[in-house]
Amino acid sequence: MKKVKPKSVVLWALLIAMVAVFALPLYITVVNIWKPTQQISSSPMSLPIPPIADNIMSVLNDPNVSILSMYRNSVLITVFGAGICMFLSSLAAYYLAREKNRLSKVLSLYFLFGLMVPYVIVYVPLVTMFNKVHLTGNLPGLILVFVSGSISFSVFMYQGFIGGISEELEEAAIIDGAGSFTIYARIVMPLVKPCTTTIAIFIGLSMWNDFLTPLLIGQVKTITVGIYTAIGPYASDWGTVFAYVMFATLPIVILYLAAQKQFISGLTTGAVKG
Amino acid sequence: MLKRTKLYLAPAFVVYTLLLIVPILGAFYLSFTDWNGISASFHVVGLKNYVDMLGDARLRNAIVVTLKITLIVSVTVNVLGLFIATLLNRAGRMINVLRSIFFLPYVISTVAISFIWLSILSYTGVLNGILEMEGLGHLVTDYIGNTDNAIKSICVIEIWRTLGFHMVLYLASIQTVPEELYEACTMDGGNSWQKFRYVTLPMIVPGITISVIMSVMTEMKQYDIVKVITNGGPGYSTETITYNIVTQAFGNNMLGYSSAIAVFLFFIIVAITLVQLKVMKKKEI
């Protein structure tokens, strides 16, 4: 049936109209990065012709702001936070999924408990503890906080996934004389790669985008806290605001465009299962 | 038999216990004290904080604001998300492109999104600029400076941010409905509304439940947008529960009292989670 039905014309008109309205804020951001602020208020919708990079340059040249160090903090937190969390969690989940004993049952529930917690409850005690041991504002300390916050989710996901793969390969490896850590590293982890991707996207993105945790625990200038404090004095200088927004979103948007399917399925299955 | 040592559990157990469980227990304990975060000593005051919460007009306002945002956002993203998903389901090859556009805001940090919208909704911002230009100057208003408008603005931003996520959930749900059911409905003379009403809708009830619970959970913990857009103001009229907890703790040094509110929020979220778990179990049968 290649005939164009009037119904499908309406459907398309409706869809296109909705996408257009929906994408408007993105369009406004993209075109206005390249205009001086006066022009943004006088003609916010026009294309930036000629494009002017003043906003971006003024952010890069601001002596009080270092976009590079914000990126550095965020990358370190995300890479080490997600990496360490997935290593610890998969190791624990390997035990929990394979050893059917009382300890496994109790600890599975213990780890699951963290999924229910509204994270805001831990800030006061955590900040107090960190002040006592002088870990406030310390990057490794903050990374461990992020690790602890994502263990529940990661253990839960890995446990379900490892529990679902057959033990035959592992048994064959035992006969070949492999130890349990070798089996974990060489057989189990490669088999659960899809699960690792889902977890990496889900917890990695949540760490990269988190605002409250680095703000409260030592005001570490990640990209989110960094642009929030940097914009403060310029809150109505829209050109500068858009330039900061660009720096904050560009890396993620590029990653997203490169791997849309993984992002969408990772974030939805992650959210539904967790 | 292979022996997997209990040591595999140790690192995760230690980090999780020290940095999550111990602080939670700490919050429960602090909620029974009058600690202000500065003085070295504090007193255990029993249930005083919890009794104080009953008469706290500021907290009551935060609860009302949170519920308002939760209600408006959850209803809108679910109705609109389902609507767009049904349209998109028939979009053929364009599904992936359109889905990616709608989903994009969900991967961007809420702080960046809030700044985009701040530039649009501020009094000197883009929207008022456009109205002025189009000769609609009489429609120019302050979308952030007064309480009612500010709450609506916060809802619009949050709807924009999460709509794509819920739409994708619904799209996945709809795509699990077996084609034969639609065919059977056509045989019985059903039109497209009847197909939606009597085939799609009943078949995706589990999907609807999950999506609604997810949006409720997210909005009950709303903080970031309020922080950037209104900073809780004017006064404290747009504070949410989480915003209230953070300000009472780190702004007003009422660590004991804020912990009591956090414990209260904890029980609300646990209750919603238990409902969620029950629903998910049912779905598996």
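These legends go with close-up views of a predicted model. Local features need pLDDT of at least 70 and side-chain atom pairs count only at pLDDT 80 or more, while totals for chains, interfaces and linings use all residues. Residues are numbered from 1 along each chain as its sequence is written, and chains are lettered from A in the order in which they are written.

**View 1. Helix H5 of chain A crosses helix H7 of chain A.** Helices here are DSSP runs (H or I, at least four residues), numbered from the N terminus. The axes of H5(A) (residues 102–113) and H7(A) (residues 139–163) come within 7 Å and cross at roughly 135 degrees. Axes are lines fitted to C-alpha atoms over the stretch in contact, with angles from 0 to 180 degrees between N-to-C directions. That makes H5(A) oblique to H7(A) (under 35 degrees is roughly parallel, over 145 roughly antiparallel, 65 to 115 roughly perpendicular, the rest oblique).

**View 2. Chain A meets chain B.** Here, 70 residues of chain A are in contact with 69 residues of chain B (C-beta atoms, placed from the backbone, within 7 Å). On the chain A side, helix H1 (residues 6–32) gives the largest share, 10 residues.

**View 3. B:Phe115 sits in the largest nonpolar core.** That core has 158 residues, and A:Ala92, A:Ile121, A:Tyr244 and B:Phe115 have the most contacts inside it. A nonpolar core is a set of buried Ala, Val, Leu, Ile, Met, Phe, Trp, Tyr and Cys residues joined through C-beta atoms within 7 Å; buried means 20 or more other C-beta atoms within 10 Å of a residue's own. Leaving aside neighbours within four places in sequence, B:Phe115 touches A:Ile231, A:Val241, A:Tyr244, A:Val245 and B:Val228.

Note on methods
Helix = DSSP H or I, 4+ residues; strand = E, 2+ residues; numbered from the N terminus. Contact = placed C-beta atoms within 7 Å. Buried ≥ 20, exposed ≤ 12 C-beta atoms within 10 Å, placed from the backbone.
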